[in-house]
Each structure stands twice: as structure tokens, then as C-alpha cells.
Amino acid sequence: MDNKYETIIGLEVHTQLDTKSKIFCSCSTEFGSEPNTNTCPVCLGLPGTLPVLNKKAVDYLIITGLALNCEIAFYSKFDRKNYFYPDLPKAYQISQFDLPLAKNGYIRVETEEGIHRIGITRIHLEEDAGKLIHEGSIDQSSGSLVDYNRTGVPLAEIVSEPDIRTPEQAREYLNYLKKTLEYLKVSDCNMEEGSLRCDANISLRLHGNKKFGTKVELKNMNSFKAIEKALAYEQKRQRKMLENDKKIVQETRTWDENKSKTISMRGKEEANDYRYFPEPDLVPLEIDEKWKKDIEERLPELPAVKRKRFIDEYNLPEYDADVITDSRDLADLFESSVSEYKDAKVVSNWIMGEFLRLINEEKTAIEDTKITGQLLAKMLKMIDQDIISSKIAKTVFEEMFYTGKDPEEIVKEKGLKQISDQGELESLVEKIIDENPSVIDDIKNGKDKAVGYLVGQVMKETKGKANPQMVNKMFKEKIK
Amino acid sequence: MKLYKCSLTELKNMIEEKRVKLQDIHESISYRTAHTDPIIKAYVNKNETYNIDELDQNNYKDTYLKGLPIAIKDNISIEEIKTTCSSKMLEEYVPPYNATVVEKIKEAGGIITGKTNMDEYAMGSSTENSAFFPTVNPWGKNRVPGGSSGGSAAAVAAGMVPVSLGSDTGGSIRQPASFCGVVGLKPTYGAVSRYGLVAFASSLDQIGPLARNVEDIALMMNVITGRDEKDSTCVNRDYPDFTEYLKNDVKDMKIGIPDQYFDIEFDQEVRESVLNAVEKFKKAGAKIERVSLTGAEYALAAYYIIATAEASSNLARYDGVRYGLRAEGADNLKKMFTETRQQGFGEEVKRRIMLGTYVLSSGYYDDFYLKAQKVRTLIKNDFDQLFTDYDLILSPTTPTTAFKIGEKRDPLKMYAADIFTVPVNIAGIPAISVPCGFDQKGLPIGLQLMGAHFKEEKLIQAAFSLEKILDLDIKYPALK
């Protein structure tokens, strides 16, 4: 990318808040239910029904605001955003217009170019709309069906300042948001299920210019990768146009994943006039100091802080700290284990190795596994006490992973205890020596490495239970 | 004595004293309705879900309303009974849920006789805007009953039911009460739950009772007031037993007469009748003083901006997607929306939707909606200020007595009929209309008493006193 133009990007992220019930009624927010089963007169907008605010959604928004360094408004209100669409049962969305619940925040993201501060203009609370369903494709379908299960699921809309300068920064910003929201346990940020959606505004201007160029809004990007790709494409497209003295038109463009390009959707003139006005069915939202404080106290340690602390406190390599703090559940597993087993690097190795391998194999969520930090610590101590070998430990770990059983019990049940009995091992060692005269000769002729083969034979005989250090020592003593 | 002529209170006492059978009451009411309603046309739909022969008064023994009949305006949702709002749009709409007031009436042992006619979506002052048929004023065959709760007022006036519920957004209970010679109370905004009341203008709408005397109004207020978790704008407070304020005593009550209201040009007979009542109040010991209050014309202007703005949003949901009318033959979405709304809504409803859409449009919002809200605050403050010195404010309910069917073709003239009632909704205060005489044509004249927020008991006490002092011989209108 040449340096003539500076790219200006702002992102609007919609994320579903993971409350049990909807924002204005008591219907379930569960994803994947039979169409239109999680509905009631209120979320269907039947004549005469009224919204009642779910306090939990407010709590979730406040904690998100605090985590993203926002000011929490002591006084905010809801407004109606009016437009017609079949997935919007009231023909208006209850949202927040001029007085959002949170504003003026920021985050810091790191890319190869260094650390970059990105401002957060505002975060507001609103309700989600339903979903249109078409048989086959839109063009071929004879009609549209609507599923209102999603209608009224609480959404936080997080609007960034136009502080983002590259598609990479945009991706890192989104990663940061996603990780933070997951840490807060307010959203599962699943783009495939639509619980996180992102629109982008992008414009170019000559370096040094104060005035922004004409912006283009990008929609319909279904992954962080798609967002990065769409932004890169748009950056290139706009630059080319400017270089050829062509005017950028203010418009909304949609990302076509298959063709890997953006396509014009609608111009500025076709933009809706939403006719916002204060929602008369809800009273203004007042957050007192106590409410805010209560939530502040629940604010967990955030990923960046945790990462630094893990490096400082546990001496973890940066790579390990990155992996372990990628999820709050993983970090919690690590810390609860380290509190009982002091060698942090060993714990980290087991979590990054065996644990994540099983997680990936089973495609389960970390919080759904049965392993606890206590169990892992106990198992590691058993290795140190020569009760099991590291190799056997893998079997024990797997069993713990699936059953959550105590490692001692697993070892006992499966007879996995290490054989450290001098006599028992000696007779095995002698048996192997007798069976392998040629190997013994090799060793005597200086091929020390061949001892490993003999140890392996003993391990095979004992199904891995022999204490390998003892066996090794015995061979060396006997074949002198 | 004909049972249909008895008040709710009389019937209640008679049942409690076992002087009458519940079935006989319903028979009498039903007989009266069968003979009267074909002329008056007060009902849009009768409740067919109950059978008089099967009524067992023992089932109502421990209830407050003892199984007595109540009519309900057709914009209040009742499960399994059509709720049409007198609109083609909802002609076949059967709601799956009960409004909170309906639940309260059922719990109190009231039996709903049917749904009463109204101006479409409560927009109008004559019930001529009903999409089905106009209702006739029992006091004059060629006269309108007022509106929008014209059916509720006419049914009570004609002896088809002792009490009814209406809704009042700008005078829709008080004005028809005045035209039909009955009592109508608009409670404080937030005193009665709006859940299940099909919204016209959410920040102004309130449900309230109509009856042939103040006593019955007090009884109904005991049933319908109170907090509702389904309505966030419904205030959490305790209400007195309103029947305890049925005292003929206005001694030391301070009543203000606003100069600005009496400066308006209005019917001479109405003026004389109201001033006569003022003299009677004075004689009974009330302190009457002239006061200054923001001109009602400002309230009227603000009202037609706020009410239409909210209506344009509230009525946007009738798009043919989920319930109600759907235009046939539309081959695309936009056509389905526009044709449905073209066919489903009447002229007045369309006029107000257009007005409301206009005043909320970008570029006009500040000049209209925002300014109207400021006027609203001023009017509210003005009333609040007066109520620190005065118990009540008195005015006519309407500038004229009932006008002729088809007489008012100019919508602005129709809107002006609300001049005395609208400021009350703008301020959110309670007001009652009580008959205070007749004009030379024999048409009833109504007097309006306005009170401070949640001071309904004062209205009831003063209105009860006036009723006793005037001792009007309100005969049943001669129905031919």
C-alpha cells in the first residue's frame, strides 16, 4: 500500500446479549428452537401489548461499557426507530438514539505496526428483529416465511470512532471485542449463529488532510476474515477510483463472499428516514451510583491485564500466555491448577497440549468439560511422586477429561500404578538381557543408545507401567 | 322497577341483599339491548361466550362485582373475542390475550356484555369514523353520541348496560359522556394499566369508566386502578377506596375557573348551564376563584402533533404480515404493505398517520415534535402550579352539545370540539365529566372537573356533590 492515501475505518458491531429471556418480554432467547415457538403477544407486537425492560440486559450492557472504558450514563432513554419490514413486528425497533447507556470509551489493539488506540463512540441497547426464511434461494422461492424467535433478543450496538486505519487493525479490534465479551460472559459472539454482526464504514483521504473523504458502508460480512477482506478490497477500489480522479459515491455496498468483491446495494437517496422519537411505553433509564458500583465489582480481570500478569507472576513465555488467556475458562483452569501445583510451565504444557487437543477433537466448549484445576494438579503431583509416568499420565488425563474422576481412583481402577519394585523390575531386566544377546554386544561395543531399545522392551512388557528411570539405571549397571 | 334502569351500585346491593337474581338482571339488560341497539348501534360485537341461562350467581358470591354486566370499548383486548377498533383492518382479529383491565374485571366478577363501537382506532369525536356504522345518540336520533368512546357512552345512556369502559386520549371518554348525559372519568396517566389497550397515542391514552352516576364511577375505579408489571408507565402506588369519597361536601374546596377557557367562544346555553353549576357550588360552600391558565389552544396544537406522531408509529404494525387484513393480489412486499394499509384504514386514520409521519420527519422534528413537547411541559407545569393552590379546576366538557350526524365535515372543526378536554391529557391529570343540565333541544350538557395527579377522589367527591345539588331529572331518553 502506497502512502498517498490514509484509510479511515469505523465499525458498528451488533452483539446479542446472552440473557435467558428477551429484552422486553419473558420469552426464551434460545437459538435453534422450532420457528416461532419462542414468541408471545409482546414480542409479536400484537395490538395493545407493551414492553417491559429486562434488567439483566441493562446489567450486561453496563459491564460491557465498563470493560471498554466507557462512561455509563446516569440517565438514558429508549427511542423508536421506525421502518417497515416483515421481520419487525411493531414496524419500529426499540433502540437508543441520542442518549445511549454507555459512551466515550476506548480500547488498545496491537498489530505488527504497534499499539493503536481506538475510541468507542457509544454502546446502546436495542432489540433484535426476526429472520426471513426462503425455500431454496430468494430468487426461486415462491414466498417468504418469517421466524420471530429472534425478535426481541437483546442487542448491544458498539460503535467505534473512525480511528481504525488498516483492515488488520479492524480485525484486531474485533478480536479484542470478541475476547472481552466472552470474558464478561455477556455474549457468545458466534458469527455463524448471528450473535455477532458487523458493518463497516470506510473512506480514504490524502495524508495530512483533516477532512474525511466520502464514506461507503459495507454490509453482509459473515466472519472476521470476510470483514478484513472486504475492507482490503474496498480500500483498493476506492484508491483506484481516486487515482483516476473519479468521485466516490456515498452508498451501502454488500460483500459478495463468492466473488470476493463489494457490490453496490443502495445509494444515499434511498436511505431510510427512521423518524426517531422517544419510546413512550418505557420510562427513562436511570442508573444510580449503587447499581453501577455493584456491576463494577463483578468486572473480571480482562484479557490484556491477565496476559501481562501471567507473564510476570508465573513466568510464562509470551506464547503460552497468549494461548492460555485466549479464553477466560482456559485461564481459570490454569490458575486453579497452578494454585495447587507450583510449576506453571508444566501446567501450561498440559493445558496447551493434551487439554486443547481433546477440546479440538471433541469440539466441546471448555466450560462443558469435566476437568478441574484440582484434578490436573493432583495428577501432576502423582507424576512427580513416581506414582505414574508421564506417558501413563496421558491415559489418566483423558479419563479425567471425559469422566471428571479423581486421578488416584483412575490409577487404582485401571491398575496403572508405576512398577518401582526393585525385585520385580530386576527379573524383567534380566529376562530382556537374556533375550537380546546381540543388542548387549552392541552396547558393550559402545552403542550406548541401544539401552533405550531395551528399556522400551520392558515398558512394552509392563504396558508402560515400569518406572523408566529405574529400568534404565539397572540396564546400565548390569551391562558394564 | 325495570332492572336495566338500575345503577351498578343498586344492582350490587340488591344482589347482596338477595332481592334479585343475577339472571333476571342479565335478562333485563339483554331484552333492553335487543330492542334498543338496532336503533342506537352501540355494540360492534356482543359477547357470545356466556349464556344467561347458565349463569350461576353463587359463582360470584365472593366477588366485588357480583356477576354484573359491563360493556367494553372495542379497542381493549379480550381473549377469544374480536377486538376490531372499529376498523376494517382488524375486522376479523381475535386477540390471544386479555388486557389487564379485563383480567381485573374478571377477577372482580364482572361479566362483559360485548364490545362497543368507536371512532376507528379512537380517532374522532363523533363515532362517525367507525368503519362499520355510526352510533346514534340516545338523546336525539340524528345526533352523534360523541367519540371516540361513543358506543360505550350510548350503551350506558340507553340503559343497555349500567357501566362501560372507554379510553380517553384527548377527551374520548368525557366528550361522549357529556353528549350522552352520563358520567365519564379519565384517570391520571399511569393509574390504570394500558396493557391490552390498542395504542393510539401511548403517552396520552388512558382507560376509564362511564356510568349513569358518580357512585358507579367510584366502584369501577376501585376495580381498574393499580399497578401492573406489564405496563412500565403504570405507577406503583396505593389507591383509596373511592366509594368513601361519595360525600355531598364541597365546603372549603377551592375551585379555579380559568379565564382563558371561558374567553373561548362557545355555545351560550352550555356557558349558562356551566355557570349555573358554578353558582350552586358556591352556595354549597366551595371557594370559587378566577384563575389564569395557559390557553387551551396551545394544548390543542401540541396535542395534534404529539398524538399523530405517536399514532403514525403505533399504527405502522398493521402491515398485513401477521394478523388483520391483508390486501389480496399484491405481487411484491411494498405493494402488500401499501395496499393493505390503503384498504384497511379509513380517511381520518390515514390523515393522522400522514400528519404524524410528517412531524417526525428529519428536518421537521425540531419545529414540530420537539416544540410540542416543550409546550406540553409548560402546560403541565402550569397545571401543577395551580394545583398547589386549588383542589380542582372547572370548565365545560365540550363547546357545544351533541351535533348532528354528518354535520362536521371539516376535520379542523371536529378537532376544535376537543378544546376543553385535550389539555388534561397533555398534562396527564385526571378529569371527570358530569351532566349539569340540558339545552333547549333537550340535549345534555356536561361539566368538566380537573384535578391534580392521582387526586381522583377529589373529582369523585365534587362530582358526587354536584350530582346531589343539581338533582337533575335525567330521564331515560325517549327512544323511538
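Entry 1: I started with strand β4 (residues 79–82) of chain A, which is covered on both faces. Asp79(A) and Lys81(A) are buried on one side, and Arg80(A) and Asn82(A) are buried on the other. My cut-off for buried is 20 or more other C-beta atoms within 10 Å of the residue's own, with exposed at 12 or fewer and partly exposed in between; C-beta atoms are placed from the backbone. I reminded myself that side chains in a regular strand alternate between the two faces of the sheet.

Before going on, I noted that this is a predicted model, where local features need pLDDT of at least 70, side-chain atom pairs count only at pLDDT 80 or more, and totals for chains, interfaces and linings use all residues. Residues are numbered from 1 along each chain as its sequence is written, while chains are lettered from A and ligands numbered from 1 in the order in which they are written.

Which strands pair with β4(A)? Strand β5 (residues 92–95) of chain A runs antiparallel to β4(A), with four bridges between them. In β5(A), I found Ile94(A) as the bridge partner of Arg80(A) and Tyr92(A) as that of Asn82(A). Strand β15 (residues 277–278) of chain A also pairs with β4(A), antiparallel and over two bridges; there Pro278(A) stands opposite Asp79(A). I count strands as paired if DSSP finds at least two bridges between them. Strands here are DSSP runs of E, at least two residues, and helices are runs of H or I, at least four, numbered from the N terminus.

Put together, I get an open antiparallel sheet of three strands in the order β5-β4-β15 (chain A). β5 and β15 of chain A are its edges, each pairing on one side only.

**Entry 2: a nine-stranded sheet.** Next I traced an open sheet with mixed pairing, in the order β2-β6-β7-β10-β1-β11-β12-β13-β14 (chain A). Its edge strands are β2 (71–72) and β14 (261–267) of chain A. Two bridges tie β2(A) to the antiparallel strand β6 (residues 102–111) of chain A, and Glu71(A) has Lys103(A) as its bridge partner in β6(A).

What packs on this sheet? Helix α1 (residues 55–67) of chain A does, touching β2, β6, β7 (114–127) and β10 (154–160) of chain A, with its direction at about 165° to that of β7(A). Helix α2 (residues 167–184) of chain A does too: it touches β1 (5–16), β6, β7, β10 and β11 (196–206) of chain A, and its direction makes about 115° with that of β6(A). The angles run from 0 to 180 degrees between N-to-C directions, using axes fitted to C-alpha atoms, for helices over the stretch in contact.

**Entry 3: domains and the other chain.** Chain A is assigned domain 1 (5–291), domain 2 (301–414) and domain 3 (422–478), with bounds from an automatic or database assignment. The C-alpha centres of domains 1 and 2 of chain A are 37 Å apart. Five residues of domain 1 of chain A are in contact (C-beta atoms, placed from the backbone, within 7 Å) with five of domain 2 of chain A. On the domain 1 side, α2(A) gives the largest share, four residues.

Last, I checked the chains: 34 residues of chain B contact 25 residues of chain A. On chain B's side, α9(B) gives the largest share, three residues.

Conventions:
Two residues are in contact if their C-beta atoms, placed from the backbone, lie within 7 Å.
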